[in-house]
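Student: Could we go through this structure together? I would like to start with how its parts touch one another.

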Amino acid sequence: MADKDVLAIVQMDGGKPAKAGLEALGAARELADALGGGTLAAVLGEKAGGAADELAAHGADLILYSEDPGLVPCMAEAHAGLLAAVISEAGPRAVVMGHTLRAKDLAGRLSAALDAPAATDCVAISADGGDIVATRPMYGGKVFARVALKAAPALLFLRPNVFSPSREAGKGAVREISHPVPEPRAKVESFEPRPAGKVELTEADVVVSGGRGMGGPDFSVLEELAAELSGAVGASRSAVDEGWRPHSDQVGQTGKTVSPTLYVACGISGAVQHLAGMSTSKVVVAVNKDPEAPIFSKADYGVVGDLFEVVPALTEAIRKRKG
Amino acid sequence: MDIIVLIKQVPDTGAAVSIAADGASIAAEGLKWVVNPYDEYAVEEALRINEAAGGGTVTVVSAGEARAAQAVRAALAMGADRGVLVNDPALSGADSLGVAKALAKAVSGMDFGLILAGSRAVDDEAGLVGPMVAQLLDIPHVSMATTVSLEGDSVLVEAATDGGTAVVRAPLPALVTAEKGLNEPRFASMMGIMKAKKKPLEEKDLSALGLSAEDVAAKSAVAAMSPPPARPPGKMISGDTPEQLAENLAAALADEAKVI
């Protein structure tokens with residue numbers, strides 16, 4: 001029954017399914033199992049068809065793919081237009097997608113095109129009676145809301161790093177999408193890739209952030225730790241307001257929300273707006289000179305000390321452990 | 001150019017938030033209401049575009065209850081020319097899609113070359129309404145702009161996307177959502193606040209827009225709210241030197257937390 005199916009939108013990243021895409025597929029599989037339906041994967045972009053085996057191994061019963069050149073670069077009008085047609089035809093109960101920057105661009109457009117309810121930045125999803133229920137932070141994470149999506153398809157955009165890929169294989173049928181790709185009116189004129197080795201803050205597994213305690217724009221001790229852990233560097237609002245880091249690095253209610261496996265807060269006191277941006281991190285470490293800093297009450301591990309001594313020593317200790 | 005800016009009134013981000021007795025909304029008492037910070041970037045950008053061009057109008061459009069008129073006035077005090085507030089009891093439980101439908105209808109009769117909106121509001125954090133309005137009006141959009149410039153019949157926008165930063169050109173009319181870093185919004189001057197009191201602010205209900213309550217009926221609703229999950233009490237790392245502290249922390253992260 002299609003109305004119990006769940007469809008995952010899987011984006012491609014350098015010729016492979018993106019990590020957020022496999023997380024979405026894992027969440028889709030779990031929700032589909034709860035509903036008693038099948039798991040579909042829609043994968044769009046360069047070499048999308050080549051991802052079929054990997055998607056089948058991660059839970060997809062049916063893989064719908066399109067390698068139409070009009071899908072690259074990813075423009076919301078083109079992707080939303082094609083996906084709306086694919087979703088209308090497949091008729092699933094729910095659609096899930098990683099809440100990446102592309103998805104943020106796409107979500108509203110797709111929801112309006114399908115006249116379907118959407119929930120963004122979900123940290124949990126479930127089936128509850130006739131409704132799909134999404135748990136998502138609101139007011140900068142000061143409250144968690146359970147949102148009931150009453151109409152089908154329910155569009156669920158998942159916070160990166162929260163859901164896990166499925167270990168269950170699916171049936172793995174493959175079908176090429178035949179719908180035409182609409183021509184987007186907005187077009188990319190130029191694109192500057194992120195420097196090699198730099199990880200997008202909102203998708204990083206490890207985030208090392210600095211605050212007022214950095215005392216200036218030199219974040220090199222944090223950058224070295226982040227590089228050692230293949231992570232990204234973030235900043236508190238006060239560090240950004242001081243002009244020490246760009247706005248794009250800000251973690252908090254008026255900046256980015258991150259959910260890494262490891263969050264290291266250095267010289268950050270822990271204002272409520274900052275905590276809002278990192279509260280769903282799995283493990284939080286705080287390094288601060290002030291033993292009374294509120295950040296310690298939100299940390300799994302606290303170190304009272306001078307970050308300019310402790311952080312380089314930590315980088316060295318981790319390097320040694322790795323041998 | 002005639003520019004429309006979509007704004008929303010939200011609780012100040014410094015405010016403590018408590019859950020109301022119904023368990024599915026926040027308590028309104030004692031909240032300070034402000035213009036959503038991302039929408040302030042949008043208002044500021046609209047003003048700068050017209051100041052640079054030496055002409056044009058800025059119309060601020062919001063959906064909300066009567067108190068949201070203060071937010072519209074605040075935008076008028078910054079320098080916008082006129083305001084429209086869509087205020088209807090049927091919108092009180094509306095979801096993003098319902099609000100977008102009301103806003104799209106409100107602006108569809110106006111002359112505009114560009115619509116600006118915040119990339120998200122700091123209350124529900126959905127980030128949906130701007131692109132929804134673009135879809136409903138069948139115009140292109142660009143999300144999360146960090147620079148905006150007009151060139152002839154198109155708008156050129158720089159925005160972060162997966163993997164890097166893109167410069168996107170969209171033909172006008174278009175909708176652009178504003179990201180932090182786009183600009184530094186001005187404070188309203190005393191003169192601006194005085195002038196704003198005399199600027200036109202029109203309130204409209206849904207029927208004035210030709211919409212019924214059913215047209216904007218919510219397809220999603222908050223069923224319950226809870227405080228964020230509590231983190232178990234943490235552990236302070238001991239050590240007499242930075243090296244010892246670092247070694248003990250690395251050991252805890254590797255052996256206990258198993259995250260490195």
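Tutor: One term is needed first: a polar contact is a pair of N or O atoms within 3.5 Å, where, within protein, one must be able to donate a hydrogen and the other to accept it. Please also keep in mind that this is a predicted model.

Student: How many residue pairs are in polar contact between domain 1 and domain 2 of chain A?

Tutor: Five residue pairs are in polar contact between these two domains of chain A, both residues being at pLDDT 80 or more.

Student: What area is buried between them?

Tutor: About 1100 Å² is buried between domain 1 and domain 2 of chain A, with carbon and sulfur atoms giving 48% of that area. One salt bridge is counted between the two domains. K19(A) and D205(A) meet through their side chains in a salt bridge, at 3.9 Å from N to O.

Student: What about the domains of chain B?

Tutor: For chain B, the assignment gives domain 1 as 2-216 and domain 2 as 230-260. The centres of these two domains are 45 Å apart, taken over C-alpha atoms.

Student: Now the two chains. How many residues are in contact on each side?

Tutor: Chain A contributes 80 residues, in contact with 77 residues of chain B. Together the chains bury about 6600 Å², of which 58% is on carbon and sulfur atoms. Within chain A, the residues losing the most area to chain B are R109(A), Y139(A) and Y301(A), which together make up 11% of what that side buries.

Student: And how many polar contacts cross that interface?

Tutor: There are 42 residue pairs in polar contact across the interface of chain A and chain B, with both residues at pLDDT 80 or more. Helix α4 of chain A, residues 101-114, supplies the largest share of the chain A side, namely ten residues. That side as a whole divides into 38 nonpolar, 20 polar and 22 charged residues.

Student: How many salt bridges are there between the chains?

Tutor: Eight salt bridges are counted between chain A and chain B, whereas the count over all chains is 35. D115(A) meets K219(B) in a salt bridge at 3.6 Å, N to O. The side chain of D115(A) also meets that of K101(B), at 2.7 Å. In that pair, K101(B) belongs to helix α3 of chain B, and D115(A) to the loop between α4 and β6 of chain A.

Student: A change of topic: which peptide bonds in chain A are cis?

Tutor: A cis peptide bond joins V72(A) and P73(A), with omega about -5°. P73(A) lies in the loop between β4 and α3 of chain A. The bond from A152(A) to P153(A) is also cis, with omega near -5°, and P153(A) is in the loop between β9 and β10 of chain A.

Student: What is the phi of D121(A)?

Tutor: D121(A) has a positive phi of about 55°, although it is not a glycine. This residue is in strand β6 of chain A. Most residues other than glycine have a negative phi.

Notes:
Residues are numbered from 1 along each chain as its sequence is written. Chains are lettered from A and ligands numbered from 1 in the order in which they are written. This is a predicted model: local features need pLDDT of at least 70, side-chain atom pairs count only at pLDDT 80 or more; totals for chains, interfaces and linings use all residues. Side-chain values use heavy atoms; hydrogens and water are left out. Contact means heavy atoms within 4.5 Å. Buried area is the accessible area (1.4 Å probe) that two parts lose on being put together, summed over both. A salt bridge is a side-chain nitrogen of Lys or Arg within 4 Å of a carboxyl oxygen of Asp or Glu. A polar contact is a pair of N or O atoms within 3.5 Å; within protein, one must be able to donate a hydrogen and the other to accept it, and residues adjacent in sequence count only if both atoms are side-chain atoms. Helices (H or I, at least four residues) and strands (E, at least two) are DSSP runs, numbered from the N terminus. Ala, Val, Leu, Ile, Met, Phe, Trp, Tyr, Cys and Pro count as nonpolar, Asp, Glu, Lys and Arg as charged, and the others, Gly among them, as polar. Domain bounds come from an automatic or database domain assignment.
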